[in-house]
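Subject: Structure handover

Hello,

Here is the structure I said I would pass on. Please open it first and read the notes after it.

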Amino acid sequence: MPFLFRCGGLLLIISGMEFGGAVDLVVYSLATGVRPDSETGSMIRSVIKPVGESFCGYSVNLETDGLEAACIEPATDQEIADTVAVMGGGDWQDWILFLKGEGLLAKGCQTVAYSYLGPDLTRPIYTDGTLGRAQTGFAPDC
């Protein structure tokens, strides 16, 4: 079994499903910054950065309540790969395969993911950045 099933969360879900039914909708959220590698156990970290070129804009400094100019350097190839590994739906697919293997998915089950794309102003660091790369073609089938 993949690593993520070693945590208690799945056991709680399965024990809560003792009603004898099956799941017809799986909702997945990609809001995570780190994921254990299922083979090595080491932690893989994601980044939200532009791809290809720096992005400069303004950021709110919550300590001073002011705007500050900020630039984000482009992600390295390794950072892109790590972000895809963390936020690209690999664990989502692991969950679907596990639930399917346990016979817990209803016929015709659907799955959907929630994610943040950001406004046009921040498109270079979200949709066109590492997060967008991670979201390309990542929806597993029930």
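The notes below go from the whole chain to one hairpin and one surface patch.

This is a predicted model, in which local features need pLDDT of at least 70 and side-chain atom pairs count only at pLDDT 80 or more, while totals for chains, interfaces and linings use all residues. Residues are numbered from 1 along each chain as its sequence is written, and side-chain values use heavy atoms, with hydrogens and water left out.

Overall: the protein has four helices and six strands, where helices (H or I, at least four residues) and strands (E, at least two) are DSSP runs numbered from the N terminus. Their order from the N terminus is α-β-β-β-β-β-α-α-β-α. Of the 142 residues, 31% are buried (under 20% relative accessible area, with exposed over 50% and partly exposed in between; 1.4 Å probe, protein chains only).

F55 has I72 in β5 as its bridge partner. Four residues lie between the two strands, and D65 in the turn has a positive phi of about 55°.

Patch: which strands supply at least two residues each to the nonpolar patch? They are β1 (23-29) and β6 (105-114). V112, for one, sits in β6. V112 counts as partly exposed because its relative accessibility is 36%.

Regards

Conventions:
Two strands pair if DSSP finds at least two bridges between them.
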